[in-house]
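Hi,

Here is the structure we talked about. Please open it alongside this note; my findings follow below.

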Amino acid sequence: MSTQAEQPYSEQSFADKQGKFAVPKLALVPPVDSVRSAPQLTADQQAVVSLEPGSGPILMWGAPGTGKSTVLIEASVRRMDHHGIDPAGALLLAPSRLAAARLRDGFSARLTRSLSTSPARTWSVYAFDLLRRAKVEGRMPHLDGPPRLMSGPEQDLIIRDLLLGHRMGLGTAPQWPAELSDALETRGFRKEIRELFDRVIEYGLAPDELAQLGTAQKRPDWVAAASLYQEYRDVVDWGKSGSFDPAGIITAATTLLQLDPEFLAQERNRLSLIVVDDIQEANKSVHELLRLVARGKDVLVAASPDTVVQGFRGARPDLIASLGETLSTPEHPLQQFSLSASHRMNPALGAAWQGVADRIFQIRGGHKARELQWRSDVAETIAEDAAVSAHVVASEVHELRLVAERILHLQHLGGRGLNEIAVIVRTGSALAALQRYLSAQGIAVKVPVAENPVRDEPAVRPLLEAFAVALAPEKLDAEACVALLTSRLGRSTALHLRRLRQALRQQELHAGGGRASDELLVEALLNPEKLEPLGWEAANARRIAAMLAAGRVAVVEAGANAETVLWALWDACDSSGTWETQALRGGPTGIRADRAFDAVMALFQTAERYVDQLPGSSPQQFLDYLIEQELPMDTLAARAQRTDAVEILTPASAAGREWPVVIVAGLQEGVWPNTRLRGELLGSQLLVDVLERGALAAQQIDPAARLRDIRYDELRSFAAAISRASELLILTAAAGHDLQPSQFLDLAAPFIPVTDSGGESQYPVRPVEQVPRPMTLRSLVAELRQESEMHAEPEAARMLALLSENQVPGAHPKQWWGLLPLSSDASIVAPGDPVVVSPSKVEEVLKSPLNWFIKAAGGEATTDFARSLGTLIHGIAQDIPNGAGHEYLAELDKRWPSLGLPESWESDVDYKRAQEMLGKLAQYVIDARQQGRTLIGVEENFTTDLGELPEGDHVVRLRGQVGPARGRRRGKSDRGRP
């Protein structure tokens, strides 16, 4: 069951009569599509569904939206309802967890009985289940514990630790080629390593076999990688732990079945029906596993080779052509069917998709998956030229504005719900940028899980910082205090922080001390009693201090682990109630609260998984494990269920789904398509070619051929993205000095030049469009104010008044800058008092009196590093006016930490610069001494009146300091500064 608001929150009614937010009432509602009626099948679908048990292997070709998944579900349900097949003997396979969940939900909604276990699984989960059952039956005595599936981030962490150990001199370091030395510490190099290891595991190579291939192919990087792979296997297999990496678990299951014919026969007898969706996403190891368990049996396979999104995981759509050899037996040859009736894309969208698919290399039989037909009575509900549209704007920022404008236009004028719109982008970084922008515009958005490492979530970072302080309180410094107080947990603004610092300083001064606010802030958060005498300005600091105290207590308790410490911190931070209220109120703040809850749930799920897999592990080990992960981790933690939001996805997370409106954004050359050669640093693709084609044939494949394969892969992901739309497809790109629209734009929406009456082309290339104003209240107010002030437009003034009555921010003139009354008309300087000017500010007074006054009143800009460094050097010169060079450098060492700079090469450069400045100061002192000048004074104050102002009420007084001052014996003096 899920909850649903009876009266959804809207920005237009964000306040009730008392000006307070009203929390909507919640009611339990049944899951969407918990029960589905039988669909009306077309003739080509019915031909497959009506097949009787014992028909053998079936391959079903079909373009996107032709109902392949529907056929798989209906065929499975029919065989269970009409032919008595036990659901326990059915196996439904999908390439990803989300795809398996959709297959499971569709199957459960159609089946008229309950199930003890879900038959829908991913390939990896099925392989894991095989290993688990084999372990229970005693078929894997070499494992001490149950099998465990490692995540991608865990695999990356092991490789990272091995490479780090080599740099520290631990073990025998592989002999990497010299040209790779600078890459060994990078995340990109580890990605190349994982790709190579995945191919090695898929083809079942041993480390020594990889080393032999490296020697034969003159690839010293393969020889080095073989040594690293041997260490990697030693770590993964250490202690008979039963850990399997994502690529290795399918190979392990295949090997198990090959080595245990009895278990293989048992599994084949158990399975009476095997259903495989999206076989184009499978790699070679999946095909080998399928051959063992499904050869000659009743198996239904769906294929769409032109829509592939798992290419980065080794998907091999070309292997579909060999399914006849994989699944056929003399008694049961492979039968092939094709679906061509389009149930999703209208003719215009279908033509756009076919325009892309026609540019992809066609595998044997693949033409059957490009055919699309529509019923003769299908009436176009939308003009063909409007079903697919392409837009080019001036910059990436304009593109973000365009996406927001299109969404709001479709919502307000097109009658579309936000849940009918999806935005698909190529990369996770583009997804994050779009999410931030749309959220700032007040547009509710949903993003797929595992797009960012959990450690990088804004709601998780302060919890991990507090976790680290609980383990080692001495690590708490002023920077960490500020980060905690201004985080999602601390909820302090810059004003709160300033007031807190001032209150702590006053408390310190009254006690006779003189410590700086940084030190006082650290002390206060580690000793909550210091905050008790303070007022409201310390409320948030008291919560954070209590959280840190609770964490320290939890750490020293018997049996402390990651879960207990995390719970102590979370329980004490008192954020649950605040976020819950924000989430129920809705709006942009509610969306952020939902995401914060999702992130915290994912963190606790990660901690639970870690503790379960490593009982007895310490909280410090968990923190190190999580902090060092650099890859996103998928999670099964509960997430907020929103139905009134635009979904932002990558092609992989959008696969298998559909929306009425799809916006494909970020179509730039170099981004989509990204034709960078993949796996070429360590030659993972070359390894595959050597193993499949032989060494001689592999060496003859040139980079141009590899680029063509990459382009086909990019075209397949683009084809998958645009095929998610059922009514409208909007493509966007940016054009500028360093931005070029993707050629994919013209494949899906060919540009037809506009010609005038004489046949001359007015726009030979796609023009750059102006982005209309987004349909938000904020932008409407800005436009109305502009019209009212520039053109004295009475209608604009009337609309502003109407918006003001409805409490729209910025509509009332009282909120306009420049129209507010003066806070005071009294004289700034009391009558008779002088106007004081510093000598260093005289030029600024003459140049801009207003700027001088604002700064004199306290409006100084934040002190930058150059000014801070100058103040430091000046202070040393003032305190040691006659010092020697070594004395100045020693004092610099003492005072340098006060600048609070991080340890980096940039800080080292700044330190050398400071040493040079003090060297010049020491030389100045030596020169002055040699010239017979002696020190007269340091920073001597002076004051002089320059006369009265024209009004005659105030005297201008010049006040400053002179120094260091030095003079000769004959009475002449001079002054200088280093």
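Three bridges join strand S8 to strand S9 (residues 299-303), and the two strands run parallel. Bear in mind throughout that this is a predicted model.

Start with the pairing around S8. Valine 275 has leucine 300 as its bridge partner in S9. S8 also pairs with strand S4 (residues 90-94), through four bridges and again in parallel. There, leucine 92 stands opposite valine 275. Where do the side chains of S8 (residues 273-276) point? Leu273 and Val275 go one way, Ile274 and Val276 the other. All four are buried.

Next, the open sheet. Six strands form it, in the order S11-S16-S15-S12-S14-S13, with parallel pairing. Which strands sit at the edges? They are S11 (388-393) and S13 (445-446), each of which pairs on one side only. Further in, strand S12 (residues 421-424) is joined to strand S15 (residues 659-664) by four bridges, and these strands run parallel.

Helix H13 (residues 347-357) touches S11 and strand S16 (725-734). The direction of H13 makes about 50 degrees with that of S16. Helix H29 (residues 703-722) touches S12, S15 and S16. Its direction makes about 140 degrees with that of S15.

Now the charged pairs. Side chains of opposite charge can pair when their charged atoms come close. How many salt bridges does a search of the whole structure find? The count is 37.

Here are some to inspect:

- Arginine 110 and glutamate 74 meet at 2.8 Å, N to O.
- Glutamate 137 counts as partly exposed because its relative accessibility is 39%.
- Arginine 515 and glutamate 523 form a salt bridge at 3.2 Å, N to O. Arginine 515 is partly exposed, at 27% relative accessibility. Glutamate 523 is partly exposed too, at 22%.

There is also a network to pick out. Salt bridges that share partners join Arg121, Asp129, Arg132, Arg133, Glu267 and Arg270 into one network.

Last, the surface. Which residues make the nonpolar patch of about 410 Å²? They are Ile828, Leu850, Phe853 and Ile854. Leucine 850 is found in helix H34 (residues 849-856). Is leucine 850 buried or exposed? It counts as exposed, because its relative accessibility is 58% and the cut-off is over 50%.

1. Valine 275 in S8, with leucine 300 as its partner in S9 and leucine 92 opposite in S4.
2. The six-stranded open sheet, then H13 and H29 packed on it.

Best wishes

Terms used. Residues numbered from 1 in each chain as written. Predicted model: local features only at pLDDT ≥ 70, side-chain atom pairs only at ≥ 80, totals over all residues. Heavy atoms only, no water. Pairing = 2+ DSSP bridges. Contact = heavy atoms within 4.5 Å. Axes fitted to C-alpha atoms, helices over the stretch in contact; angles between N-to-C directions. Patch = residues over 30% accessible without salt bridge, like charges linked within 9 Å, V, L, I, M, F, W, Y side chains within 5 Å. Areas by Shrake-Rupley, 256 points an atom, 1.4 Å probe, with all protein chains shown as cover. Salt bridge = Lys/Arg side-chain N within 4 Å of Asp/Glu carboxyl O. Buried < 20%, exposed > 50% of the residue type's maximum accessible area, 1.4 Å probe, protein only.
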